[in-house]
Amino acid sequence: SRKIMDIIRAQEQSRDLHEQFHNQLQRSQDGFSVVADYFGRGVFNKVTLITDSPARQTSKSPATSRYV
């Protein structure tokens with residue numbers, strides 16, 4: 001179906017962007033500038049990072065929570 005093809009295409013584009021980012025990061029003398037450029041272009045806006053499920057956290061203190 002078309003929806004599946006769109007998902008596959010989006011995954012391929014995401015993989016290509018990921019590889020391009022890492023290649024630029026490895027070649028760069030200033031990794032911060034590469035990361036700042038990607039943030040500035042909004043590349044990381046669609047990334048969702050889940051570090052732990054809320055049900056597994058027993059304490060809300062900063063010492064036990066993970067911050068990214």
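Colleague: Which residues are linked in a network of salt bridges?

Modeller: This is a predicted model, in which local features need pLDDT of at least 70, side-chain atom pairs count only at pLDDT 80 or more, and totals for chains, interfaces and linings use all residues. Residues are numbered from 1 along each chain as its sequence is written, and side-chain values use heavy atoms, with hydrogens and water left out. With a salt bridge taken as a side-chain nitrogen of Lys or Arg within 4 Å of a carboxyl oxygen of Asp or Glu, the linked residues are Arg 15, Asp 16 and Glu 19.

Colleague: What distance separates the closest N and O atoms of Arg 15 and Glu 19?

Modeller: Both residues lie in helix 1, four residues apart, about one turn of the helix, a helix being a DSSP run (H or I, at least four residues) numbered from the N terminus. Arg 15 is partly exposed at 45% relative accessibility, and Glu 19 likewise at 42%, where that class falls between buried (under 20%) and exposed (over 50%) for a 1.4 Å probe and protein chains only. The closest N and O atoms in their salt bridge are separated by 3.9 Å.

Colleague: Which side chain meets Asp 6 in a salt bridge?

Modeller: Asp 6 has a relative accessible area of 35% and is therefore partly exposed. The N to O distance is 3.0 Å, and the side chain in question is that of Arg 9.

Colleague: At what angle do the ring planes of Phe 21 and Tyr 38 stand?

Modeller: Rings of Phe, Tyr and Trp (its six-membered ring) pair if their centres lie within 6.5 Å, with planes under 30 degrees apart counted as stacked, over 60 as edge-to-face and the rest as tilted, and one aromatic pair results. Because Phe 21 lies in helix 1 and Tyr 38 in helix 2 (residues 31-40), the pair ties together parts that are 17 residues apart in sequence. Both residues are buried. The ring centres are 4.9 Å apart, and the pair is edge-to-face because the planes stand at 70°.

Colleague: Which residues does Leu 17 contact, leaving aside neighbours within four places in sequence?

Modeller: Leu 17 belongs to helix 1 and counts as partly exposed because its relative accessibility is 30%. With contact meaning heavy atoms within 4.5 Å, the residues are Tyr 38 and Val 43.

Methods:
Helix = DSSP H or I, 4+ residues; strand = E, 2+ residues; numbered from the N terminus.
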